[in-house]
Amino acid sequence: MAMAPTVKVILGSIAFAIFWVLAVFPSVPFLPIGRTAGSLLGAMLMVLFQVVNPDEAYAAIDLPILGLLFGTMVVSVYLERADMFKYLGKLLSYKSQGPKDLLCRICLISAISSALFTNDTSCVVLTEFVLKIARQHNLPPHPFLLALASSANIGSSATPIGNPQNLVIAVLSKITFGGFLIGIFPAMLVGVFVNALILLCMYWKLLSVQKDEEDPAPEVVAENDVDSHRFSPATMSHPTSLNSQEFESALESMKSTNVESTLRNRSYLTESNSIQTSPSAKIERLSELGNSSGSEIQKEVGNPGIVIPPKINSSPNGVVEYDDFIGFAEERLGFSKKWKRVLWKACVYLVTLGMLISLLLGLNMSWTAITAALVLIVLDFKDARPCLEKVSYSLLIFFCGMFITVEGFNKTGIPSSLWDFMEPYAKLDRISGVAVLAAVIVVLSNLASNVPTVLLLGARVAASAAAISPASEKKAWLILAWVSTVAGNLSLLGSAANLIVCEQARRAPLLGYNLSFWSHLKFGAPSTLIITAIGLTLIRG
């Protein structure tokens, strides 16, 4: 593609530069409007500068990618409601054999959950679990946070739904879900193992010796607190938490209230005789009250403060005593709600499993994800607005602006000219060419972010590989997916998952930890280079 007129090249480059600065540094002091507004600003400037016309801008928006992204986010919201991520959190500490075992578990669980539910979602819901477990066992959180973020990135490379750049690659390349999984899964599996090995080697001494003293903290994290923690995965927001001192005072108040209520009930029962009637009359009254509301039952019993276990006692003389009709009715109601909840959760898991099987069978990925999302909405049988509000619409809007901005930058001719210069050195039919291509992808992914890199290089790399063979074209797409994803581990700014872990850890109440840029780079640089190189030898077209 020839270079566009000089004016268009300059204006298009300015619009893309503004988009790039705001995408990489969303809180830049001179224009702190964030990534989403930055992508819309870049798109608007491309149209305003007449680099693309309005029709071309609309055509640049890839609806299948947006549909797949939307569907997977809705499914993630319902999986969160069905306690899927709560169970993943429990697996982290279940019968743990020590710090090294815990680190390996984090690597494995983070990788698997990222492949199925996207890396960003996994990092959002697992970060505070990791912090709390580390605090419980009096361990430094740094190695575990690195394990979570890096393994999430590596694991997400295995499937088209693992991360946004894979979504783009799967739609543009027309590679099936199964073909994508088979092509990258061996590299992902070995990559997770090597990543855990590197972490163990770097932090062996730190993980071998626990601290002699507890870190000063006003509260001790309870096991139930770890198990019951919840996040809203799609919005990537941090929920408002109660101050732990307020929580403890409220808990003590509840305990004292229950004790006083129990003492009053016992004194009342000691001073009162049990109500005794004929068995037939009492059973008939029990049946009537079982279908009544709580207030009616309380009115009948007389004292709503009495708390008696719902028992049916038989006296030696044959008289049947029924204690606490309220408790009996509430127990029946709670039993029914419990099984409805279990059934609903089972349906959510089955629908998600059906979605994954459909994707493996090669059905249209966008409509499969949207169908699964709508099935879950219908099965929920409630107003879907609360769940749909958790979808990250800002991310969808960011993608729309990015599609238009990248399309405008492509029309300037700059990406084509750069690729024409690099193409002779980046042929996939020789090892040096694969190494050069991987290096270009790693650098661009950390400079321009991985999704824009895929949009800029994808079609060009695939066209160059197609000239060699059809198998090489598929391999080129898979290499692009693998390298652009693992490249996110190089630095803290290389991946959204890294930033999510960093921010969630910093803002966690009472557990806050600051993961610095240099501490991440010290691990990320060797890990990225080693794992990328090993994975390239295992990818098959």
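Begin by selecting Val348, which touches Tyr78, Leu79, Ala82 and Leu376, residues up to four places away in sequence being left out; contact here means heavy atoms within 4.5 Å. The structure is a predicted model, in which local features need pLDDT of at least 70 and side-chain atom pairs count only at pLDDT 80 or more, while totals for chains, interfaces and linings use all residues. Residues are numbered from 1 along each chain as its sequence is written, and side-chain values use heavy atoms, with hydrogens and water left out.

Val348 belongs to helix H16, residues 325-360; helices (H or I, at least four residues) and strands (E, at least two) are DSSP runs numbered from the N terminus. Val348 counts as buried because its relative accessibility is 2%. The classes are buried under 20% relative accessible area, exposed over 50% and partly exposed in between, with a 1.4 Å probe and protein chains only.

Next, select Arg460 in helix H22, residues 450-466.

Show the side chain of Ser416, with which the Arg460 side chain makes a polar contact at 3.0 Å. The backbone oxygen of Leu456 is 2.4 Å from a polar atom of the Arg460 side chain. Beyond four places in sequence, Arg460 is in contact with Asn410, Pro415, Ser416 and Trp419.

Now display the surface and select Phe185, Leu189, Val190, Ile530 and Ile534, which make a nonpolar surface patch of about 380 Å². Helix H10 (177-202) and helix H25 (517-538) each supply at least two of the patch residues, and H10 gives the most, with 3. Phe185 lies in H10 and counts as partly exposed because its relative accessibility is 36%.

Finally, zoom out to the whole protein, which has 25 helices and 2 strands. Buried residues make up 48% of its 541 residues.

Technical notes
Patches are made of residues with over 30% relative accessible area and no salt bridge: like charges are joined within 9 Å, nonpolar side chains (Val, Leu, Ile, Met, Phe, Trp, Tyr) within 5 Å. Accessible areas come from the Shrake-Rupley method with a 1.4 Å probe; for residues, only the protein chains shown count as cover. A salt bridge is a side-chain nitrogen of Lys or Arg within 4 Å of a carboxyl oxygen of Asp or Glu. A polar contact is a pair of N or O atoms within 3.5 Å; within protein, one must be able to donate a hydrogen and the other to accept it, and residues adjacent in sequence count only if both atoms are side-chain atoms.
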